[in-house]
Amino acid sequence: MAATATYSASMRTRKTSSSGNAKSAVACQEYYDDSYNYVGIVHFSGMALSGKVITGISLRVKADQAGYGGGHTKTVYVRRSKYQAVSQSGVTGGSYYGDALGTFTGRFYGNTTTYTLSGSLLTNMAAYLAEGNNTICLFNPSPVKSSQGYSTNYMQWEECTITVTYEEAASQPTMSSYTVGMGSAVTIYTNRQSTAATHTLRYSFFTVNQTIATGVADSTTWTPPVSLAAQ
């Protein structure tokens, strides 16, 4: 059954060439002055989605009045983070970000809007979060200067929350042996994908349908009854 979880972000901004925070409470992308390029760091504290099957992601963003006005559509460049923390000492912005996850577009100027991710960005980010990561970076390596001097996609996020829809990954049971004599014990391993999961194990043999065990975590031992021979 699907569940949802929402996390609020802590954010920082660093220049690609600096290990100090250019801005300590917001995440910026690209530049206001073309002598530098910003890396926005967006960290979702408490996120614990390792091993989950993620089916939906949305971002609710409150943007400051920075760069072009509300009528201008901007592209957000989302990347992996090499550090799962909002502020890693001694690391420049350029060393913070990792591979690209994808992009999405929206209007970011003195407004609050929710964006539902889709396509390759959803697929890539779902896989990234399911690895146990909780931090993304906003970074475009090739910003374009506008007629006003700042880059065309310059923006500043004041607040960001993420809502993730997910399901527990399905267990893939195995057995210690696949040739078992009636009256001999066999171990069944659940290979569960989450430590929160427990299992009810059942068997069906001709007309007999029985429960082997309930509340099974990692494994259980079962002895097929000799009485099954009557089937």
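The largest pocket is lined by 13 residues, among which Met175, Tyr203, Ile212, Trp222 and Pro224 lie nearest its centre. Here a pocket is an open set of points on a 1 Å grid over the protein atoms alone, with protein on both sides within 12 Å along at least five of seven lines, and lining residues have an atom within 4 Å of a point. The structure is a predicted model, in which local features need pLDDT of at least 70 and side-chain atom pairs count only at pLDDT 80 or more, whereas totals for chains, interfaces and linings use all residues. Residues are numbered from 1 along each chain as its sequence is written, and side-chain values use heavy atoms, with hydrogens and water left out.

Strand E13 (199-205) and strand E12 (186-189) each supply at least two residues of this lining, strands being DSSP runs of at least two E residues and helices runs of at least four H or I residues, numbered from the N terminus. The greatest contribution, four residues, is that of E13.

The largest nonpolar core comprises 36 residues. Such a core is a set of buried Ala, Val, Leu, Ile, Met, Phe, Trp, Tyr and Cys residues joined through side-chain atoms within 4.5 Å, where buried means under 20% relative accessible area with a 1.4 Å probe, protein chains only. Val42, Phe44, Phe104, Leu129, Trp157 and Ile162 have the most contacts inside this core. Its largest share, seven residues, comes from helix H2.

No disulfides, defined as pairs of cysteine sulfur atoms within 2.5 Å, are present. The sulfur of cysteine 28 lies 13 Å from the closest cysteine sulfur, in cysteine 137, and is therefore too far for a bond.

Technical notes: Buried means under 20% relative accessible area, exposed over 50%, partly exposed in between (1.4 Å probe, protein chains only). On a 1 Å grid over the protein atoms alone, a cavity is a set of points where a 1.4 Å probe fits but cannot get out, and a pocket is an open set with protein on both sides within 12 Å along at least five of seven lines; lining residues have an atom within 4 Å of a point.
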